[in-house]
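Colleague: I would like to go through this model step by step, beginning with the ligand and its surroundings. Could you guide me through it?

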Amino acid sequence: MAFRTIIEPFRIKSVEALRFTDEPTRRRALAEAGGNVFLLRGDDVLIDLLTDSGTGAMSATQWGALMQGDESYAGSRSFYRFQAVVQDLTGFRHVIPTHQGRAAERILFESVLTAGDVVPNNNHFDTTRANVEVEGAEARDLVIAEGRVPSLVHPFKGNIDLDALERTLMADGDRVPLVMATVTNNSGGGQPVSLENLRGVRALCDRFDKPLFLDACRFAENAWFIKQREAGQADQTPKAIAQAMFALADGCTMSAKKDGLANIGGFLALNDDAWADKARTLLILTEGFPTYGGLAGYDLEAIARGLEEVVEEPYLRYRIRSAEYLADKLVEAGVPILRPAGGHAIYIDARALLPHIPPLEYPGIALVNALYITGGVRAVEIGTVMFGRGSDGAESPAAMDLVRLALPRRVYTQSHIDYVAEVVIEVASQREALRGYRIVSAPTALRHFTAKFEQLT
Ligand code: F0G
């Protein structure tokens, strides 16, 4: 007998109380935070959908594994266990632990980029872009055209435009040290890349003799989408699909805070001996010795176990279904969202929801702040504040103004999601009352984290 309800594939043995606040308290807290939810205290947030990064719940097995951590400075047993799991999954020769994903990016790009280089990707995540640009190189986004239309339903909106990649490699090939593909494509809505597309990218990389690196933060969610949507893949295990994805690449950067099911950690894994040597030298400078790379032995244990749990089918089925469940409710209520649902998040199209707020008055911030004030839900703007300022300092509208509701892994239950849907729908019903914002102060790089805003009247 097959029942329709997809349940959380775990029971809960340790709980953390939520703190309820009233609307006046939230208004005050947001004012003190300069209108930027990044500057709120976590205790003032009821349901925190700011990010799915490092916010997941570890399993009892992972907590048990922490006690197995070997804290030897060099040659830790935990490193060898971590290395074995990463190699089994990815097949890459060198496994270099880092404290999180952006450290892997920084070390890779500092090792291989020089000023004037170009790095193609479907869409660079913000830290990835920043780590490319800090080397004086260009982060070039080449996602397929369908990936830029929020309402358009397509099974693999994270795919790379192969014609555009070919053009880049023909015109600027001598300046391209590596090609990247982000799985799933976070900045493009948590959308997957198909195996077929990765094969196409691989073929171009072979033709132009370029290495291919995956930004593999959400590799397991990408593998599940392939299993569901790509012809001929339904009978493969998620792990086998993930292995097939990695087999098409020469290396990867990874944030274990996502599909590593850990609260901290990451790694760089690659085949090239010379690049690995350079990366390890940089690693020692700022992260630590190559067998711990800025992590405790117990972190390496938690990640090793997390990488095994994340490819289990009941987990992935529930994981992807929870995002779809929220998406279904919002679509039914007429809230414009990026479709189909992403793996780790739902993205509301703030520009479509709030057409009376022009992009340079930040409709995403208006929506994020209203969600917080109305229901204590914290989301994040992925739009003109995050991406709207060029390296010359000039401001222009980002391609999209999205608001992301990211789902921490194994943390919230279906009733939490029901509540979130109710809050979003309530805010959407009062959309005309929402006002835009202006920036009062902002740093020069990654301004979304610390900018201060003032609401326009
Ligand atoms: N690449 C992608 C696609 C990411 O989503 C992130 C982080 C990183 C790299 C960097 O990893 O945080 O461990 O240094 N994304 C988080 C988010 C922060 O909220 O989407 P990190």
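Modeller: A polar contact is a pair of N or O atoms within 3.5 Å, and we shall need that cut-off for the ligand in this predicted model.

Colleague: How far is an oxygen atom of the ligand from an N or O atom in the side chain of Ser255?

Modeller: Ser255 is among the residues that come nearest to the ligand. A polar contact needs two N or O atoms within 3.5 Å, and the pair formed by an oxygen atom of the ligand and an N or O atom in the side chain of Ser255 lies at 2.6 Å.

Colleague: Which element gives the most residues to the shell around the ligand?

Modeller: The ligand sits in the largest cavity. The elements that give two or more residues to its shell are helix H5 (126-133) and helix H4 (101-112). The one that gives the most, with 3 residues, is H4.

Colleague: How many residues apart in sequence are the parts that the pair of Phe10 and Tyr318 ties together?

Modeller: Phe10 and Tyr318 form an edge-to-face aromatic pair, 5.5 Å centre to centre with 85 degrees between the planes. Phe10 lies in the segment before helix H1 (23-32) and Tyr318 in helix H12 (residues 313-332), so the pair ties together parts whose separation in sequence is 308 residues.

Note on methods: Residues numbered from 1 in each chain as written. Predicted model: local features only at pLDDT ≥ 70, side-chain atom pairs only at ≥ 80, totals over all residues. Heavy atoms only, no water. Near = heavy atom within 4 Å. Polar contact = N/O pair within 3.5 Å; in protein donor to acceptor, adjacent residues only side chain to side chain. 1 Å grid on protein atoms, 1.4 Å probe; cavity = no way out; pocket = protein on both sides within 12 Å on 5 of 7 lines; lining within 4 Å. Sits in = over half its atoms within 2 Å of the grid points. Helix = DSSP H or I, 4+ residues; strand = E, 2+ residues; numbered from the N terminus. Phe/Tyr/Trp six-rings, centres within 6.5 Å; stacked < 30°, edge-to-face > 60°.
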